[in-house]
Amino acid sequence: MLRRFRNLVRLGPIEVGTANDRHGNEKHTAACTAPRCGFSAEYDTRSAAELAARTHRCPAH
């Protein structure tokens, strides 16, 4: 399923964005853009996604 992210913000190598899931619920995703990292997680709140972005220690860096 293709998601349309909005309210994108970049915190270091992490991008945080908001989208609706297939049930119409708002979800917030944090994903690392560094090569070979693979970190991504989905959260119910924006603050949780931004906290994950700030505390992520990328093993690829």
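# Notebook: a β-β-β-β-α model

**Fold first.** I read the elements off from the N terminus and got β-β-β-β-α. That order holds four strands and one helix; I take both as DSSP runs numbered from the N terminus, helices being H or I with at least four residues and strands E with at least two. I checked the radius of gyration next: it comes to 11 Å, close to the 10 Å that the globule rule gives for 61 residues, so the protein is as compact as a globular protein of that length. My radius is over C-alpha atoms, and the rule is 2.2 Å times the number of residues to the power 0.38.

**Ground rules.** I'm working on a predicted model, so local features need pLDDT of at least 70 and side-chain atom pairs count only at pLDDT 80 or more, while totals for chains, interfaces and linings use all residues. I number residues from 1 along each chain as its sequence is written, and side-chain values use heavy atoms, with hydrogens and water left out.

**Whole-chain numbers.** I laid the C-alpha trace along its principal axes and got spans of about 35 × 25 × 15 Å. Of the 61 residues, 31% are buried; for me buried is under 20% relative accessible area, exposed is over 50%, and partly exposed is in between (1.4 Å probe, protein chains only).

Charges: I have 10 positive and 6 negative, and their mean positions sit 6 Å apart. Lys and Arg are my positives, Asp and Glu my negatives, with His and the chain ends not counted. I place each charge at NZ of Lys, CZ of Arg, CG of Asp or CD of Glu.

**Helix α1.** Which residues of α1 are buried? In this helix, residues 46-55, I find Arg46, Ala49, Ala52 and Ala53. Seen down the axis of α1, they fall within an arc of 125°, so they line one face of the helix; I take the arc from the directions that run from the helix axis to the C-beta atoms. The cover over these buried residues includes β1, β2 (14-20), β3 and β4. On the face turned away I noted the exposed Ser47 and Arg54.

I stayed with Ser47 a moment: its relative accessibility is 54%, which makes it exposed. The C-alpha atoms of Ser47 and His28 are separated by 8.9 Å, although the two are 19 residues apart along the chain.

**Two buried strand residues.** I picked Ala19 in β2 and Thr29 in β3. How large is the relative accessible area of Ala19? I get 0%, so Ala19 is buried. Leaving aside neighbours within four places in sequence, Ala19 touches Arg3, Arg4, Phe5, Arg6, Asn25, Glu26 and Lys27. I also took a C-alpha to C-alpha distance from Ala19 to Tyr43: 11 Å in space, for 24 residues in sequence.

Thr29 has a relative accessible area of 14%, so I count Thr29 as buried too. With neighbours within four places set aside, I list Arg3, Phe5, Glu15, Val16, Gly17, Ala41 and Glu42 as the contacts of Thr29.

**Positive phi.** I went looking here because most residues other than glycine have a negative phi. Asn7 has phi near 55° and lies in strand β1 (residues 6-11). Is Asn7 buried or exposed? Exposed, at 54% relative accessibility.

Arg36 has phi near 65°, and I find Arg36 in the loop between β3 (26-32) and β4 (40-43). With 78% relative accessibility, Arg36 is exposed.

I read its relative accessible area as 68%, so Gly38 is exposed.

How values were computed:
Contact = heavy atoms within 4.5 Å.
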